[in-house]
Each structure stands twice: as structure tokens, then as C-alpha cells.
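Thanks for making time this morning. I would like to walk you through one structure, so please have the sequence and the model in view.

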Amino acid sequence: MNKQVAITASPLHQSQPHDSAVKQVAGRAEYIDDLVEPTGTLHAYLGLATRAHAEIVSMDLSAVRAAPGVVAVLTADDVIGENDISSNHLHDEPIFSDKHVQFWGQPLFAVVADTRDIARRATKLAKVEYKDLPHLTSAEAAAEAGGRLVTTPLKLSRGDLAEGFSKSERVVKGRMKLGGQEHFYLESQVALAIPGEDEEMLLQCSTQHPTEIQVMVAQVLGIPHASVTVNMRRMGGGFGGKETQGNLFAVVAALAAKLTGRAVKIRPDRDDDMSITGKRHDFVVDYEVGYTNEGKIQAVKARFAARCGWSADLSGPVTDRALFHCDNAYWYPAVEAVSVPLYTNTQSNTAFRGFGGPQGIIGAERWIEDIAYDLGVDPLEIRKRNFYGTDTENITPYHQPVEDNVIREVIADLEKSSDYQARRENILAYNAKSRVLKKGIAMVPVKFGISFTATWHNQAGALIHVYRDGSVHLSHGGTEMGQGLHVKVAQVVADAFAIPLSAVKITASNTGKVPNTSATAASSGTDLNGAAALNGAEQVKARMIAQAAKLGNVAPELVRWDYSGITAGEKFLTFAQLAHACWMGRVQLSAAGFYATPKIHWDRSTGRGHPFYYFAYGAAAAEVTIDTLTGEYVVDRVDVLEDVGRSLNPAIDIGQVEGGFIQGMGWLTTEELWWDQKGELRTHAPSTYKIPLASDMPAEFNVRLAEWSINKEPAIGRSKAVGEPPLVLGYSVVEALSMAVASVADYTIAPRLEMPATPERVLLAVERLRKEAAH
């Protein structure tokens, strides 16, 4: 019997531990590779191309098939349904290539063997003859070669550009290079496929998008969606890298399971995972900006060219979102921004925390910085002069009004709490006296749009069961990747029923329980799934209230439901007692909840609409010290203030802000992707790809939530999204580095650091500015 302890206050808007925290620390949390494998499980491994661009002249797999322990070798000829796993309508992403290699690491075949080691070693026995073709590995090279696109570009425009430039007293032109980023999730891509009766296939996958896995497996096997069930309890990190990139591994496991009649698991090594899967898009941004002598922007013309890789994947919506955020928090009287999604012979770049938004925002911050150095003004002052208004000067480049603008309040709060102005004066004084070590400080804002820009993805479902002992089963369409989604949604359900959080049983995401789900992405997981779960809980609760009213012989509106229990006239029942009474009274205690985000719409053909339900805001101040002789630097202090509305779980949200900031800082400072002249990615392991370490953390790291903020829109609990916006704030470190570098030229030259701003690039910038200042 479930014994519930009555609570006196809601678990919502309170710090609660992550539901898997203790299990993770104790090593008890199960991931796909921890699951007990069915008897006779086989293991698959991919054979990869060793050319960046080539025709396949011949492929001899006889030695692979003859290797001891090999059960099967799969090629394009073995695909039962369609040899395609593209996440769009272009059908441009075959599982296996048999004629044309488009990037180094492209899968050509898969080996299925008794053990993973046998399968992995057998892939090396293949004899493939290639006819090399010219390859392109950078956006610049792709543009110079004619600029082949992977998908249709977007153009956003508003206002009269010619008039804006005519009103401008100054104009700046520039080019910004911004590198990509490896997801580096702790748990690599992995899938376990278990064949069932008839056409049935069960998959245990590490994925942010169980429904897409379901659809792709059905497509490749030529079976209905209903025959495929995907189960996903938790991921060891995702960051966007498991939104579409898991398709390949799931379909290979499922295809092998279908053809062999046995369970099949696939898990690549870290090196192969990084060589196969897409990254954050790197961008080259060309811009021309007109402004007044006071630094007020009058016109912006920008071109956002992205290295997209060999197929479209999600490059269309990613480059679209870069344009959606090219304004950041600033009003442009006239603007024209275009995307250029370029084909390259590299991994197919994909979703990554921020989904193109950070690249657009950093473009805006770069020209803000240019204006500041041109005028000899603190960049923060230029920012303030160009912030969106509230009732006027509040229309975005895509014609959506900014109706919830709190960026001035956020900046004012952080400017005061971080003691920014006094510290900046002290740093200027320090730099005037110090010959070798130089300091910098910067404060940057973020305005981030929340919703999928593909409007149809803004929906969610949930399944709520109340059992007769008062325990509650919760299943919803979102996936847990460490961000705390499950515990937040459980808090919503516990609050709805006024029961302890411990009474809500969190279960795995499963396509057999909640169908047609959207990816857990776009920072909308809690907004969508929390609202769907609340809808389901309210349906059950309404039925329970009706039964309580019947038991107490009162009208339903007279039933009082609070944290001590349910009172109906003279009748008092605990939640568990009422649940049992409902069962006895044949009342349905199960409901499928649903939610669709209101207000949003978007017409890509016209570049107009209301694609975002609301905006999340934030700001960060970073202080750094650089060594001008070596380019090495340390981050001395970071202060972050994040607007999350009325936080559902402050502890979880602060963790997201901290992690997001550090991931953004790593992307922009140490994480460098590098392809050699042959077109092979050489930074494909921790030995060559540097993510931030504990020693890279700021010596002082202060993170606060804007407790005064409440979401203007009726999102769940009046909260706001928190997953993606803080990542952008890592740019404050780059701009602080820029100030330190600029000090060697008396702050008269914009440093224009390329990113990632590695120590080498910092040193080169110092030397370049010294030479320019000398002339």
C-alpha cells in the first residue's frame, strides 16, 4: 500500500534534486550500454570512407565476410525499404553510399558479428578503390567554388536600407569567422534493436527524438510506424547531437536485427563518432552597418554563410534561426540579412544548443564592438543606445513585435550587482601600468526567441495514470538528457494533484505511450511537455472532483482541493482515498494530455510572422587577464543574470545556466575543429579536441536568476526556457579578451578576434594591433 505523507506547500517553484542525481553519482543510472542484452545479441560496426570526395571504383568485402565471427555484412543493396535517413523532404542522406563518397568518414557498409571487437576489426579488411575528386572543407572555399547550397536560403528584410545608409554618418564593413563545435556528449551514439513478432521492432536508443527514430526505422524496413517502438529513459548528454544524428545508428541496428532475426547493438568509438556525426555550424559573416556619430545603428546588411556539410540535415532551419537572432536585443531601423547554407565535403552539420541563434547573436555583437572602438566608447554604452524599445522601435527583422522586453532591467541589475563600472575603471588603470599582463572586462546581453520556427513542432503529448493507491504514472513526449526535464514535469503534475513529488513515478519516453512527439529541443521541452502533462492531470482531476462531489453530496464547484486533502461537504478524503473511491465508482483515472503553443505563425516565403511565443533574456559580465607575450589567458570572474521567468526549479535552472555558459565559453575559446589537406577531421578525440576542464572555470563564478521576472505569456508556471539562452553569454569572455588585446593599441583599433579565440589567435591579434598602431 502506498503511504503518502500530506504536504503543506506546492513542490513547484522550489529547488528539487534531479530525479537521477543519486543514481548517477552511485553509478546505478542505466544507459543503453548498461542494459542487459538479450541472449544471442549481435554487434554492428560501420565501415567508413577514407576519402573526402571520391567516386567508388570498386569495393571488395570478401575478406570482411570471411572473417571469423562475422555473421553478416550490410550494404546499400541490403536496405529493404528506402536507403535514406534525411530529416527533411530532400532525401539526400543515404545510410550507405555505394557510388559516391562525399566526406571522410561516410558509412559505406556495416559489419554484424558475434562481438563488437570482431565487427570493428573486420571493417578494416575492406578493399575500396577510389577515384579522387576535388573536395571543399571550408565555407570560404565553398563560396569561391561557386557556392553550391544544400537547401533554400532565407532573406529577412524590413525598412528602407538605402535610406538607412543615407542617414548614417559612419559605416563599418567587416568579416567575422566563427568556428563550429563538437557536441562531445559523454555517452556516445548507441542503439539496441530487438526484433519481435511479425514486423515488430523495439529500439532502445540514446535519442532526443524517439518519434524520428521510429519514422526512420519504419521507412528503412518498409513497415508501418505502429510496428516500431522506441524506448528512451535517459541520455548521457545530447546538446542537439542526438536530434537527427542517431538515425544512422538506429536504422543500422534495426536493419541488421531484421535480417538476422537477432538483437543487434551498435556503439561507435569516440573517434568514429566524431568522424561520422555533424557539428555546430561554423559561419563566415560579412556585414555592412551604418550608424550615427552617437553610435545609433541606422542600417544593417549582413550575409551569414555556413559550412553545412554534405547533406541538408537541419541546416535550413539552423541558418534561418541565425537570421532570426541577428538583431539580438537591438533595434535596426533598416535591415537586410541573408543566409547562405553551403555544401562542403564534411560531416553534415546539425542541431547544437542554440540551433544557429548564437551565431546570429554573435554577429550582432561583433558590429556593436566595431562601432564602440570606432567611437572610443565602452561597448556596453553602444548596446544601451541600441536596445529595443517597449512601445516603439520594437519590431524585429521578421516583423514580430517585441512585447516582453526586459533587457534594460536585466542589464541595470547586473551592472549594479557586478560592480561593472568601478571594475572597468580599475582595469583601465591596471592596463596603463602593466606592460605584459593586460586585463579586459565586458558585459553582453541576450534576447532569445523560444519556440520551434517550424510551427508544427510546437505540440506535445503526455499520458497520466492515477492508480487506486494514489500513486501517479507520468509519461510524456520529452526526453531526459541531464537537463532536468523529467523532474520539472513531475513537479507540475504533483502540484496539479497537490501530492508529494515522490508520489509521481517518472517513466521512460516511449512512442507506444505518447505518439507523434517533437524533438526535445529549442529550449521548449518543459513548456510543451509540462503543459501537456498538466492538461492530462486536469482531465483526471476534473473526474475525481466530480466523484468527490457525488460522495459528499455537494456541487463540484464546492469541492475544496488542497495540500492536506480533498473536502466535499462533510466528507474529507486524502488523495489516495479519493483515487480508490474513484476506482470503486468506475471513474476513469487515465488521460492523454495535449498542448499546442498558441499565437505563433511563420511564413518563410515572405519572411514575416510571429515565430516565437516569447523571448528569454539574460546578461553576463566577464573579466579576463592575458599574457601579451604568449597569448595565454585566464578567466578571472564571471557574473551571470538569467531571466527564466518564475523558475519551476531554481537549482536545476542555475545548473543549466552554469553549464550553458561554460559550454559557450568553450566553443568560443578552446574548441577548435581542424581538417587536414586531405579533408580528414583530425580533431576527433579528447587528445586533440579541447573542451573546458575544471581548471578553465572562472576563478569567481556568480550566477543568479532574475527573481523579479514573471513570463508575460501563460507558459507553464509563468516560467521561461533556460536550456539555450545562457550559452550565448560565453561571448562575454571573447569580448573581454578583445578589450585586453585592444589595450596594446590604446583601445583605438577593434581587435576582431576570430573564434575560437585560442591563445594562438590572441597572440596573433596582439602582434597585429601593435603593428597597426605603430603605423
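How many residues of domain 2 are in contact with domain 3, and how many of domain 3 with domain 2? Before I answer, please note that this is a predicted model, in which local features need pLDDT of at least 70 and side-chain atom pairs count only at pLDDT 80 or more, while totals for chains, interfaces and linings use all residues. Residues are numbered from 1 along each chain as its sequence is written, and side-chain values use heavy atoms, with hydrogens and water left out.

An automatic or database domain assignment gives domain 1 (40–134 + 189–267), domain 2 (283–453 + 604–774) and domain 3 (459–596). To answer the question, 19 residues of domain 2 touch 20 residues of domain 3, where contact means heavy atoms within 4.5 Å.

The size of an interface is often given as the accessible area lost when the parts come together. Here, domain 2 and domain 3 bury about 1300 Å², with 60% of it on carbon and sulfur atoms; the figure is the accessible area (1.4 Å probe) that the two parts lose on being put together, summed over both. On the domain 2 side, Phe452, Leu648 and Ile716 lose the most area to domain 3, and together they account for 45% of what that side buries.

Between domain 2 and domain 3 the count is 1 salt bridge, meaning a side-chain nitrogen of Lys or Arg within 4 Å of a carboxyl oxygen of Asp or Glu. Separately, I can point you to the side chains of Asp653 and Lys488, which meet in a salt bridge at 2.5 Å, N to O.
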